[in-house]
Amino acid sequence: MHSGSANSPASANSTTTSAPHPGPRHVRRAARTLGPARHTRSQSATPPTDSSPTIQSVRRSTVSSGDAPLHCPICGVMAPSLAALNMHLDDAHFGGSGSSGGGRSGGGGEGRAGGGADSRGQRGAAQDDLEDVKGAILGFFRGAGRAVKGLGGSSSPAGSSSSPAGSEHVSPAGHADGAEDWWQGGRNRATARPPRPAEGASRRHTAHFERLRAAHMSGALLEGNRAEKRLEKLARAHAQHGGAGGAGLQAAEKLIVAWQPDADTAQCMQCQRAFGRLLARRHHCRVCGQLVCGRASCSAMLRLPLPLGGDHLAGAFSADSTAEVRACASCLGIVGRVQERVRRLRARAEGPGEVQRLYAEAREAMRMADRVLPAFNALVLRIAPQSHGVAAAAAGSPDVALVARAARIRSQLTDAFGRVDGASRRIAEGPAVSPGDARVRAAIRSAMVQYLQLHMFSLTMLPRIERKGSVGRNSKGTVMMSPPQQQLLQTQPETDAALVADEVETASADTRSIGTPASESLSVSSEPPMPSAGLARSLLSYIVPRRVSAAATGGASTGPAAGSHVAEELIQRALASDPGKETRIAGMALDEKLASLDVLRDQRQRVLGYIAEAQRDRRLEDARTLQASLTDLDVELSLIERNL
Amino acid sequence: MDAIKAVQYYINRIVSDTSGMKVLLLDNETTSIISLVSTQSFLLSKETYLVDRIDNGSRDEMRHLKCVCFLRPTDSSIQALLDELRSPKYGDYYIYFSNILKKSMIELLAENDENEVVREIQEFYADYYATTPFLFHMGLTPAVHPLFAEGHSWNPGALARTVQGLGALLLSLKKRPNIRYEHNSAMALKLGQELEYIMDHESNLFGAKAGDKKLHLLIVDRKNDPVTPLLTQWTYHALLNDLIGINNGRIDLSYMPDVRPEIKEVMISQDQDTFFKQSQYLNFGDLGMSIKEFVDTYQSKTQSHHQIESISDMKRFVETYPEFRKLSGNVTKHVTLVGELSRIVSQNHLLEVSELEQSLACNEQHNNDLKTLRAMISNSKFPPENKVRCVILYALRYERAQGNATSELKQLLASNGIDADQVAMIDVVLRYAGASERQSDIFQNENLFSRGRNIFKGLQGVENVYTQHSPAIADMLEDLLRGRQGIHWQERLPNLDPKARPPTIGNESGMFNQDIIVFVVGGVTMEEELAVAKLNAKFESQNVRLMIGGTSIHKSATFLSELSTTFFP
């Protein structure tokens with residue numbers, strides 16, 4: 001197309017349209033972008049436009065400014081305003097937003113529909129009149145330039161979000177964030193935040209780039225729209241001739257676009273080589289009419305869209321359309337780019353995929369946890385001084401309300417962490433469509449695991465404190481329900497609900513493995529509720545590939561039957577080495593036992609996680625050390641359980 | 001004035017300015033620049049789940065990821081980016097360039113972004129390699145950017161890269177310096193002029209001055225001190241660099257037999273590794289002590305882990321475990337590294353070699369040195385390259401001495417079966433940095449005055465025979481900071497533009513409240529970085545901060561190979 005053909009508006013276009021852009025205002029803005037952050041701060045305080053009109057007023061002003069009314073550059077339909085023209089362009093000449101636009105712009109839907117219907121009526125009669133197109137393009141860009149300036153001033157979020165989706169294709173200020181850049185000019189984002197010590201200079205070219213792109217895009221879009229329009233006509237012609245070739249079809253094709261006379265040139269307009277036989281035969285590009293040779297680099301067959309049917313876009317490039325026409329490489333490129341745009345728009349219209357949804361869920365939970373965690377840590381610190389030593393705790397009066405609050409926050413946090421874990425695991429386990437996708441999924445998982453490892457730590461601070469608290473609260477051997485406990489009971493179902501099915505299973509398996517009635521009651525009574533212990537386990541088991549987990553835990557008495565047998569043996573051995581231990585444990589008060597049981601379980605889960613990690617990293621020494629600790633822990637646990 | 005922090009600031013902006021699932025695309029140079037100062041887990045924590053090369057053609061399409069690119073504005077990177085924009089594999093694109101973009105590049109990008117996927121284009125000036133807070137380099141290697149065109153003149157590619165890198169460093173520090181250059185070096189002058197041109201041309205960018213501290217950029221030439229890169233270094237960091245080799249903060253140990261898989265490639269970073277931070281400037285002897293203590297600490301910690309009696313023990317264990325775990329990996333790493341170093345040192349008899357090197361570098365003992373040197377050349381236990389290195393040092397020091405025996409030594413080398421190419425290196429170095437090329441009397445043996453000073457120095461005694469040498473740059477800087485500017489100061493380091501700024505750089509009482517960046521054309525050494533680190537500590541009270549950099553970081557082998565292509569007789 002660029003090889004000098006007279007009816008290509010593209011080249012003429014880019015030169016004519018770029019002219020109005022670099023006006024004095026742009027120069028000034030460009031200068032502003034040069035300065036580093038510190039220097040631009042004062043300037044960016046004054047946006048380029050004096051007022052901040054809304055979109056509506058901008059539209060009005062474009063209409064009322066008295067220029068020639070806007071014509072569609074393709075079919076010549078008159079449009080009352082730039083926005084309407086954009087909609088028209090989208091609907092009539094660029095199908096992509098027909099399916100995707102609805103999702104993005106709520107505001108302009110009706111007006112667009114009207115414009116679209118309107119143009120469809122006239123489309124058949126419209127002729128490609130070159131002069132008309134040129135004039136329309138110029139008028140269109142004068143309007144666009146103004147609108148851009150106006151849009152720049154509208155800093156209200158409502159303004160930018162209500163801008164019709166179509167404007168994204170033709171006006172550079174269409175993006176919500178792009179519009180922001182526009183008036184910010186070279187303002188460095190860093191100026192918005194407190195200055196950091198090691199802050200280097202930077203320079204932003206985004207605004208300049210977008211201006212250049214907009215200038216280029218308008219030409220490219222027109223090219224694309226025109227090519228598409230001709231393809232539609234070709235498709236109709238082919239349908240009328242029933243797929244059979246012949247003079248009639250050729251005549252129809254020539255009506256759509258004038259063919260370059262054979263005598264015009266002796267060489268291919270693409271590769272400039274002389275025409276000859278076989279591959280080097282003369283062909284006419286059915287889209288632009290130029291003479292090209294048949295070499296694969298110069299021309300190829302292009303599949304036509306289906307001519308009929310409401311959703312012409314859907315059929316536009318579908319596989320079941322059979323009619324094909326010869327097209328030159330330039331036109332193929334143009335059509336390819338249009339297809340690419342359509343694909344992207346469609347993908348966007350489909351909305352977030354499974355991964356994105358899960359990811360958003362996990363991030364939301366992380367944000368929640370990040371918000372709550374500082375408060376929780378502060379609370380734990382406030383409670384902690386009161387629980388130095390059992391004696392002090394028994395004598396003092398721990399602030400029940402504080403503990404209750406801490407417990408409530410703790411359950412919130414556990415819930416949030418559970419959601420992070422569940423979502424990231426589902427991402428990791430989901431079907432990967434490509435090796436790259438698999439890598440990303442694994443990376444997301446490990447990032448979340450990293451996050452959990454870092455943040456779940458302070459959760460474990462609370463059980464210890466609560467145990468001291470409960471010492472003061474319980475005068476008799478029975479466990480009373482305190483408000484925080486009730487609260488916890490109420491939140492338990494939610495906690496469980498947040499877990500995915502297999503996690504619940506893990507949690508219940510955990511409860512089963514403990515197996516004694518005493519521990520059942522424990523799950524109800526002790527402050528850090530069993531579900532959360534189970535949750536902690538499931539959270540930590542993320543590190544454990546199932547196989548390793550079985551190996552690590554199997555030897556260490558989690559399994560209901562075989563495990564307990566091993567544990568028994570270990571207990572005997574431990575008792576043999578330290579006969580005083582059992583009596584010491586027997587001497588403890590019930591609630592003390594319950595509390596320490598709780599602490600131990602919590603720790604056990606963590607050690608399990610560490611072991612799996614050590615084994616995965618092949619740090620076998622560490623794993624052995626840890627395994628020994630785990631055994632110790634199990635002995636301690638079983639001893640207490642036996643004495644309950 | 002911290003090179004690492006300056007680069008980290010940009011990397012943090014690159015990955016944090018855009019939220020959401022991201023892929024980070026880099027080119028070959030930015031990959032190294034980033035990996036020197038950042039870690040995988042940092043990138044992960046900033047939602048960067050994939051890092052790939054922009055020129056990797058087999059990347060998978062993932063529309064749901066945002067794409068953050070950090071590229072040098074080179075033709076090849078731009079071309080790869082254009083290809084990517086024409087058929088975008090990801091969602092939105094946020095593009096950051098490590099240096100000043102040409103107008104035509106922006107135009108080219110705009111014309112090729114027909115899918116309108118680009119959301120951001122910015123310049124973030126992280127265009128140099130930050131090895132430590134005081135040490136940076138431009139990553140020039142003979143294969144990619146040969147330094148010399150012909151004799152003492154710049155290869156255009158190397159000059160362009162160096163100007164870009166230094167310009168980026170200044171922008172990242174937000175400084176516009178007063179440039180001085182070594183008077184006898186055409187390369188230093190050329191670099192200074194080019195840099196000045198860039199700063200004038202982009203005066204908006206370089207206009208910024210953070211605070212009122214003055215910055216001096218001293219451009220010096222390696223040829224005025226060819227001795228430092230030829231000496232064996234004994235600090236941990238330098239040993240690792242010279243004997244094993246550090247490549248962008250990573251050490252490849254896979255050549256070792258029976259190496260454990262997790263330490264086939266280890267990372268060395270001040271940021272992540274406290275033991276390394278503490279011991280990077282320790283010499284080999286102190287390092288042995290340090291690593292022993294380190295292992296003892298670890299052992300006592302492991303011991304305590306084995307003795308877990310009570311819940312409280314257990315709790316303590318679990319709580320310290322993450323730290324313990326990190327420690328255990330680190331212990332293995334450093335023990336392996338130090339073990340390997342000591343193997344290489346003893347295998348190559350480096351202590352003996354180093355003693356002779358130091359003697360040649362520091363003391364005027366012609367007959368003694370010659371005798372030792374002859375004995376060493378005839379002894380087959382020393383590796384040939386060390387013999388050659390010592391003869392080069394001899395040739396440099398006694399170049400104009402009576403009874404110079406260089407040619408005899410060359411014959412001796414040849415008769416001991418050393419390649420002619422290697423023997424020729426002696427002449428190569430003399431051509432590059434012989435007495436006629438140098439401007440200062442680094443050996444202090446040329447006139448009575450400097451000889452006297454040398455003798456005086458000798459009287460002070462030496463603490464460690466292997467680390468007597470102090471680089472010429474360090475002596476020069478110390479004189480400057482103390483206010484002992486010496487009589488040749490102005491002649492040696494003139495201002496690039498004597499009219500524009502006051503020509504002085506301090507006064508008799510020393511320098512206060514100023515920063516100095518020293519840039520060595522022809523490569524900086526670890527010994528010089530050590531000297532700068534020491535000076536930084538010593539002159540902290542004067543509020544003077546120093547930084548040193550070079551076209552590359554040299555050890556003796558790379559230094560010689562860089563010279564060999566150009567100065568071969």
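Good morning. I shall begin with a pair of helices in chain B of this predicted model. The axes of helix H19, residues 472-482 of chain B, and helix H21, residues 526-538 of chain B, come within 9 Å and cross at roughly 20°. Since angles under 35 degrees count as roughly parallel, H19(B) and H21(B) are therefore roughly parallel to each other. Their crossing is right-handed.

Which residues make the contact? From H19(B), they are Ile473(B), Ala474(B), Leu477(B), Glu478(B), Leu481(B) and Arg482(B). H21(B) contributes Glu528(B), Ala531(B), Val532(B), Leu535(B) and Lys538(B). Sorted by class, the contact of H19(B) with H21(B) comprises seven nonpolar and four charged residues, with no polar ones.

Let me turn to chain A and helix H13, residues 247-256. The buried residues of this helix are Leu249(A), Ala252(A), Glu253(A) and Ile256(A). Viewed down the axis of H13(A), they fall within an arc of 100°, so they line one face of the helix. Against what do these buried residues pack? Their partners are helix H12 (206-240) and strand S7 (324-328), both of chain A. On the face of H13(A) turned away from the buried side, one finds the exposed residues Ala247(A) and Leu255(A).

Is Thr162(B) buried or exposed? Its relative accessibility is 0%, and Thr162(B) therefore counts as buried. Leaving aside residues up to four places away in sequence, Thr162(B) touches Met138(B), Leu140(B), Trp154(B), Leu191(B), Phe519(B) and Thr551(B).

Thank you for your attention.

Note on methods. Residues numbered from 1 in each chain as written. Chains lettered and ligands numbered in written order. Predicted model: local features only at pLDDT ≥ 70, side-chain atom pairs only at ≥ 80, totals over all residues. Heavy atoms only, no water. Axes fitted to C-alpha atoms, helices over the stretch in contact; angles between N-to-C directions. Helix = DSSP H or I, 4+ residues; strand = E, 2+ residues; numbered from the N terminus. Parallel < 35°, antiparallel > 145°, perpendicular 65-115°, else oblique. Left-handed = near helix turned anticlockwise from the far one by under 90°. Contact = heavy atoms within 4.5 Å. Nonpolar A, V, L, I, M, F, W, Y, C, P; charged D, E, K, R; others polar. Buried < 20%, exposed > 50% of the residue type's maximum accessible area, 1.4 Å probe, protein only. Arc of directions from axis to C-beta.
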